[in-house]
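Here are my notes for you, as a colleague who has had a look around. Keep the picture open while you read, and go point by point.

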Amino acid sequence: MDLSEAGMRILLVGAGGTLGTVVHKALTARGHEVVGVGRSGGDLVADVTDPEQVARLYAQAGPLDAVAVAAGDAVFRRLSELTSDDVAATLRGKALSQVELVRQGARHVAPTGSFTLISGILTEQPIVAGAAASAANGAVEAFVRAAAIELPPQRINAVSPTVVEESLPAYGPFFAGMEAVPAARAAMAYVRSVEGAQTGQVYRVH
């Protein structure tokens with residue numbers, strides 16, 4: 001018996017990125033219609049750090065059953081070199097943008113729809129030069145727990161991946177000694193969040 005919620009219409013932010021490409025493939029393989037969003041390309045183009053562009057994005061997207069985020073900008077710089085602008089950019093790129101997607105999206109997603117946000121391993125296992133990213137990830141996870149008590153019957157979860165194998169050329173030096181996972185494994189956590197019944201959860205893929 002197939003228990004999957006087939007045929008959902010899902011807005012995927014960051015669909016063209018390393019993880020987003022694999023998430024897109026995993027969701028479409030299960031019969032869902034995925035509307036990809038990118039800053040410079042995709043089915044729809046939007047910079048989700050801008051609330052006005054988020055509003056325009058939802059107006060263009062039409063009816064949705066779920067929203068998922070597979071990307072978030074963060075500045076990696078040692079604390080002694082980190083500027084206030086770096087911190088603000090990271091919070092805006094990783095946390096505030098996702099809060100805004102949910103805040104506005106609650107009016108556009110189906111009553112029993114869901115949101116899947118992204119945090120990351122640095123919430124629990126910090127690294128040198130990752131203070132801003134850790135702060136943003138922690139904010140995302142705290143928001144998910146808080147929003148989960150107000151959104152029902154809509155659901156909200158976060159996926160917290162470690163560095164994915166496909167990103168090691170770019171980010172490997174920051175994650176010395178930390179085991180990477182295939183992006184396909186992280187993508188399964190998105191499937192679990194979108195098709196499952198839980199809310200307020202952080203699915204850790206470490």
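1. Let's start with helices and strands: helices (H or I, at least four residues) and strands (E, at least two) are DSSP runs, numbered from the N terminus. Residues, in turn, are numbered from 1 along each chain as its sequence is written. Keep in mind that this is a predicted model, where local features need pLDDT of at least 70, side-chain atom pairs count only at pLDDT 80 or more, and totals for chains, interfaces and linings use all residues, while side-chain values use heavy atoms, with hydrogens and water left out.

2. Is D86 buried or exposed? Buried means under 20% relative accessible area, exposed over 50%, and partly exposed in between (1.4 Å probe, protein chains only). D86 has 10% relative accessibility, so D86 counts as buried. Contact means heavy atoms within 4.5 Å. If you leave aside its neighbours within four places in sequence, D86 is in contact with V75, R77 and E81.

3. Next, V13, which sits in strand β1 (residues 9–13). With a relative accessible area of 7%, V13 is buried. Neighbours within four places in sequence aside, the contacts of V13 are V37, V48, A68, V69, A70, A71 and L101.

4. Now for the empty space. Rolling a probe the size of a water molecule over the atoms shows where empty space is left. On a 1 Å grid over the protein atoms alone, a cavity is a set of points where a 1.4 Å probe fits but cannot get out, and a pocket is an open set with protein on both sides within 12 Å along at least five of seven lines; lining residues have an atom within 4 Å of a point. Grid points are joined across faces, edges and corners, and a volume is the space filled by probe spheres set on the points.

5. The largest pocket has a volume of about 660 Å³. Its lining is made of 26 residues, and G72, K94, I118, S167 and Y171 are the ones nearest its centre. Two or more lining residues come from each of α1 (18–29) and α4 (131–147), and α1 gives the most, with three residues. For the classes, Ala, Val, Leu, Ile, Met, Phe, Trp, Tyr, Cys and Pro count as nonpolar, Asp, Glu, Lys and Arg as charged, and the others, Gly among them, as polar. On that count, the lining of the largest pocket has 14 nonpolar, ten polar and two charged residues.

6. The second largest pocket holds about 290 Å³ of space. It is lined by 23 residues, with V13, G14, G38, R39 and A71 closest to its centre. At least two lining residues each come from β2 (33–38) and α3 (84–105), and β2 has the largest share, three residues. By class, the lining of the second largest pocket has seven nonpolar, twelve polar and four charged residues.

7. Which residues form the aromatic cluster? F76, Y171 and F174 do, in one cluster. Rings of Phe, Tyr and Trp (its six-membered ring) pair if their centres lie within 6.5 Å; planes under 30 degrees apart count as stacked, over 60 as edge-to-face and the rest as tilted. The structure holds two such pairs. In F76 and Y171 the ring centres are 6.0 Å apart and the planes are at 55°, so the pair is tilted. F76 lies in the loop between β4 (64–69) and α3, and Y171 in helix α5 (residues 168–171), so this pair ties together parts that are 95 residues apart in sequence. F76 and F174 have ring centres 5.1 Å apart and planes at 40°, so that pair is tilted.

8. The peptide bond from P152 to P153 is cis, with omega near 10°, and P153 lies in the loop between α4 and β6. A129 is not a glycine, although its phi is positive, about 80°. You'll find A129 in the loop between β5 and α4.
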